[in-house]
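This report is for a reader who is new to the structure. Please look over the sequence and the model before reading on.

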Amino acid sequence: MSKKYHTVVIGGGCLGAACSFSIRRKLGNKAEKVAIVEKKVLGAGLSSRHSAIVRSANASPMAARMAKIATQYWKNLQPIWGVDIPFEQSGAIWIAESHSGKSSKNWMDLEQAMQKEGIDFTMISHQDVTELTRNAVKIVPEEIYYYEPDVLQLDSPQILNAMQTAAQKNNIDILEHCEVFDFEQDTRNDITALHTSQGKILTKHVVNAAGGWSSELFAGIGLRIPVALEPVYAANFLVSVNDIPESMPIIADYVNQAYFRRWRGSILHMHQPRRRNAKDIARSFSRAAMNPDGANVIYDALSFNVNHQQLDNYLGKIISRFPRIGKPVYAGGYHSFFDITPDLKFILGSDTRVSNLYHCLGAGQALKYAPIFGEIIAELIVEKRMPADSIDIEEFSIARFADKDLSEYWRSDSLQPSAL
């Protein structure tokens, strides 16, 4: 006998989990059930490799508005998920390029836009940087520095544990090791059933939270979901508290293209931000088209390997920014991936062709938005409305890609260096 659900969420990462928890809560006492269909195990994909930095600054004011709300949710997750997650409010220092030129104006425009949204994102003096970092960071006269105090650090293992606990508390059916092969649709084009490795699953609503798998997953029913994977290397180094203080804010170094954070006592964790060069984004989509394994590369054993060139590159960035550190001790690294769209914005909201399908793809920013995205999708499905008048997700709709040549995004200058 086929299983039947109110909503089936495809993808057991932080976004899929958040959607399922919020939908189940908003259904209240109704007997209808919610399921997560996950091809591996809950949290096994990119959510297990997230650096878990939660911040609000974003070149899109609406995205920043939602990130600000999400930050408050992370601080008090109990009413939404039924669990809480430990966090540190470390703040973040953003390092931008010189005072002159277009780049500087972009950052100053970003500062003004964030302040209009009530986000504390402010240019600070070199002396302020020295005090906040206890003189650990190299300061360059031509650079400009911004401070965002309400930035949180979470820990990926604690997030995964919270997801598993919340799934039990919210009575979510977790169908792990369950791969989706095909969909059944009615005469209105709505999805009525999923054909999976565990049999047929009937549903009223479907949430696509499959990230990098989305393109291949929905191609069979004629839906184009433009998402590709951009690889990123994360590395951990053992450092002394005398070199880098434990209380140091996150360093978002857009000069050296690197994020640095102190965590777990003696670790300096490092990774690169998403690339914003149009040619690099085009290459990622080219690789996606040529890779027959698609997003399954995430589970490939080779994705955990690193090479000396990558390590030397990162060591150079660390030594350049932290002159007191000497040569840090390498303590392990791994490849992760950003799931990106052509314009580097997430895809959120109803599908334009299938009325009972809803998309929730993070475009490399899944974790920080997870609680607010879950609430938005739940409101759309259960209440048929947005959760607040102040939120407008139109710019993130999948409709923006309809009948549009994706190369148009890469021929424009819309991807600014300050597009955080």
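Is Asn189 buried, partly exposed or exposed? At 27% relative accessibility, Asn189 counts as partly exposed (buried means under 20% relative accessible area, exposed over 50%, and partly exposed in between, with a 1.4 Å probe and protein chains only).

## Basis of the model

This is a predicted model, in which local features need pLDDT of at least 70 and side-chain atom pairs count only at pLDDT 80 or more, while totals for chains, interfaces and linings use all residues. Residues are numbered from 1 along each chain as its sequence is written, and side-chain values use heavy atoms, with hydrogens and water left out.

## Two loop residues with positive phi

Asn189 sits in the loop between strand E10 (180-185) and strand E11 (191-196). Helices (H or I, at least four residues) and strands (E, at least two) are DSSP runs, numbered from the N terminus. The phi angle of Asn189 is near 85°, a positive value in a residue other than glycine.

Gln257 belongs to the loop between strand E14 (250-253) and strand E15 (258-263). Its phi is near 55°, a positive value, and the residue is not a glycine. Gln257 has a relative accessible area of 30% and is partly exposed.

## Helices H1 and H6

Helix H1 (residues 14-27) and helix H6 (residues 156-169) have axes that come within 10 Å and cross at roughly 25°. Axes are lines fitted to C-alpha atoms, for helices over the stretch in contact, and angles run from 0 to 180 degrees between N-to-C directions. H1 and H6 are therefore roughly parallel to each other (angles under 35 degrees count as roughly parallel, over 145 as roughly antiparallel, 65 to 115 as roughly perpendicular and the rest as oblique). On the H1 side the contact (heavy atoms within 4.5 Å) is made by Cys14, Ala17 and Phe21, and on the H6 side by Met163, Ala166 and Ala167. These residues divide into 6 nonpolar, no polar and no charged. Ala, Val, Leu, Ile, Met, Phe, Trp, Tyr, Cys and Pro count as nonpolar, Asp, Glu, Lys and Arg as charged, and the others, Gly among them, as polar.

Leu160 also lies in helix H6. With a relative accessible area of 17%, Leu160 is buried. Leaving aside neighbours within four places in sequence, Leu160 is in contact with Gly43, Ser47 and Ser48. Leu160 and Ala366 are 206 residues apart in sequence, and their C-alpha atoms are 14 Å apart in space.

## Helices H2 and H10

Helix H2 (residues 61-75) packs against helix H10 (residues 366-383) at an angle of about 95°, with the axes 8 Å apart. H2 and H10 are therefore roughly perpendicular to each other. Residues of H2 in the contact include Ala63, Met66, Tyr73 and Trp74, and those of H10 include Leu367, Lys368, Phe373 and Glu375. By class, this contact has 15 nonpolar, no polar and 2 charged residues.

## Cysteines

How many disulfides does the structure hold? It holds 0 disulfides (a disulfide is a pair of cysteine sulfur atoms within 2.5 Å). Cys14 is in no disulfide, and the nearest cysteine sulfur, that of Cys360, is 8.7 Å away. Cys14 is buried, at 3% relative accessibility.

For Cys360, the closest cysteine sulfur is in Cys19, at 3.8 Å, too far for a bond. Cys360 counts as buried at 1% relative accessibility.
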